[in-house]
Amino acid sequence: MRNLNSLTPKELQVVKLLAKGYSRDEVIQIMHVSRKTLNTYIGLIKDKICDKSKSNLIVNIIRFALLKNIISIDDLKEENF
């Protein structure tokens, strides 16, 4: 992971929602954005905190969110999804 402090507030909101287990469709509804806008945010997040592998995106998002205290371990418990 790199550029841990370079995410915008909207990108951080996407990280938090995805790390908590919300689907992309749910994130679109919560944030009131289009699918294209969400995909742009996700692309920017990938560029800033992940390697290029899609399989690592969610793992890196969760790791980032935990490191930045955006979410807690309790947020990741199954009953919170």
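Me: Which residues does I61 touch, not counting residues up to four places away in sequence?
Reply: Touching, or contact, means heavy atoms within 4.5 Å. Leaving out residues up to four places away in sequence, I61 touches V15, L18, A19, I45 and I49.

Me: What kind of model is this?
Reply: Residues are numbered from 1 along each chain as its sequence is written, and side-chain values use heavy atoms, with hydrogens and water left out. Local features need pLDDT of at least 70, side-chain atom pairs count only at pLDDT 80 or more, and totals for chains, interfaces and linings use all residues, as this model is predicted.

Me: Is I61 buried or exposed?
Reply: I61 lies in helix 4 (residues 57-67); helices are DSSP runs (H or I, at least four residues), numbered from the N terminus. Buried means under 20% relative accessible area, exposed over 50%, and partly exposed in between (1.4 Å probe, protein chains only). I61 has a relative accessible area of 0%, so I61 is buried.

Me: How does helix 1 lie relative to helix 3?
Reply: Axes are lines fitted to C-alpha atoms, for helices over the stretch in contact, and angles run from 0 to 180 degrees between N-to-C directions. Helix 1 and helix 3 pack at about 90 degrees, with axes 10 Å apart. Angles under 35 degrees count as roughly parallel, over 145 as roughly antiparallel, 65 to 115 as roughly perpendicular and the rest as oblique. Helix 1 and helix 3 are therefore roughly perpendicular.

Me: How many residues in the contact of helix 1 with helix 3 are charged?
Reply: K10, E11, V14, V15 and L18 in helix 1 meet L38, Y41, I42, L44, I45 and K48 in helix 3. Ala, Val, Leu, Ile, Met, Phe, Trp, Tyr, Cys and Pro count as nonpolar, Asp, Glu, Lys and Arg as charged, and the others, Gly among them, as polar. The contact of helix 1 with helix 3 has eight nonpolar residues, no polar ones, and charged residues numbering three.

Me: How far apart are the end C-alpha atoms of helix 3?
Reply: The expected span of a helix is 1.5 Å times one less than its number of residues. For the 15 residues of helix 3 (residues 35-49) that gives 21 Å, which agrees with the separation of the end C-alpha atoms, 21 Å.

Definitions and conventions
Helices (H or I, at least four residues) and strands (E, at least two) are DSSP runs, numbered from the N terminus.
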